[in-house]
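This report walks through the fold shown below, from its contacts to its backbone. Please keep the structure open while reading.

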Amino acid sequence: QVQLVESGGGLVQPGGSLKLSCAASGSILSINYMAWYRQAPGKQREWIARVDRGGGPLYADSVKGRFTISRDNAKNTIYLQMNRLKPEDTAVYYCNRIPSGNWGQGTQVTVSS
């Protein structure tokens with residue numbers, strides 16, 4: 001099964017931007033849907049965005065208009081460009097296929113002044 005490694009998190013001020021990456025250990029070309037999820041402290045993991053094989057995106061209302069998901073099948077990598085970040089975006093961010101496979105360790109995003 002494909003292993004996933006997320007990176008790119010960090011500390012950013014409200015209104016700032018970050019770009020997350022998710023590198024897969026094998027080809028993602030045949031995976032119809034790849035997605036980003038996040039888990040805030042004390043809350044359940046939630047789905048926030050997905051992208052199909054052709055690059056077509058779908059977003060949760062909480063991130064629509066601020067986040068952009070993309071995939072590079074040649075590089076076996078998924079991206080999440082996050083703009084206009086808010087403190088409530090603070091969470092550990094994970095990527096996975098749909099339906100979910102093994103989870104990676106995620107990458108921490110903290111939005112704070």
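Two residues are in contact when heavy atoms lie within 4.5 Å. The model discussed here is a predicted one. With neighbours within four places in sequence left aside, Tyr93 is in contact with Glu6, Leu20, Trp36, Tyr37, Arg38, Ile48, Phe67, Leu80, Met82, Gly106, Thr107 and Val109.

**Sheet**

Strands of a sheet pair through backbone hydrogen bonds, either parallel or antiparallel. Here, four strands make an open sheet in the order E1-E3-E8-E7, with antiparallel pairing. Strand E1 (4-7) and strand E7 (67-72) are the edge strands, and each of them pairs on one side only. On average, and with direction ignored, neighbouring strands of this sheet are turned by 15° against each other.

Four bridges join E1 to strand E3 (residues 18-24) in the antiparallel sense. Ser7 has Ser21 in E3 as its bridge partner. Leu4 and Glu6 are on the covered face of E1, while Val5 and Ser7 are on the uncovered face.

**Aromatic rings and charges**

Which residues form one aromatic cluster? The members are Tyr37, Tyr94 and Trp103. The count of aromatic pairs comes to two, and the table gives their geometry.

| Aromatic pair | Centre to centre | Angle between planes | Class |
|---|---|---|---|
| Tyr37 and Trp103 | 5.0 Å | 80° | edge-to-face |
| Tyr94 and Trp103 | 5.9 Å | 85° | edge-to-face |

The pair of Tyr37 and Trp103 links distant parts of the chain, 66 residues apart. Tyr37 is in strand E4 (residues 33-39), and Trp103 is in the loop between strand E9 (91-98) and strand E10 (107-111). Why does Tyr37 count as buried? Its relative accessible area is 11%, and the cut-off for buried is under 20%. Tyr94 is buried as well, because its relative accessible area is 10%. Trp103 has a relative accessible area of 33% and is therefore partly exposed.

Trp103 also has a charge over its ring: the charged end of Arg45 sits 3.9 Å from the ring centre. Elsewhere, Lys19 lies over the face of Tyr79, at 4.7 Å from the ring centre.

**Backbone exceptions**

Most residues other than glycine have a negative phi, and most peptide bonds are trans. The peptide bond from Ile98 to Pro99 is cis, with omega near -5°. Pro99 lies in the loop between E9 and E10, the loop that also holds Trp103.

Asn76 is not a glycine, yet has a positive phi, near 55°. Asn76 belongs to the loop between E7 and E8, and is buried, with a relative accessible area of 18%. Arg84 likewise has a positive phi, near 50°. Arg84 is placed in the loop between E8 and E9.

How values were computed
Residues numbered from 1 in each chain as written. Predicted model: local features only at pLDDT ≥ 70, side-chain atom pairs only at ≥ 80, totals over all residues. Heavy atoms only, no water. Pairing = 2+ DSSP bridges. Helix = DSSP H or I, 4+ residues; strand = E, 2+ residues; numbered from the N terminus. Axes fitted to C-alpha atoms, helices over the stretch in contact; angles between N-to-C directions. Phe/Tyr/Trp six-rings, centres within 6.5 Å; stacked < 30°, edge-to-face > 60°. Buried < 20%, exposed > 50% of the residue type's maximum accessible area, 1.4 Å probe, protein only. Lys NZ or Arg CZ within 6 Å of the ring centre and 35° of its normal.
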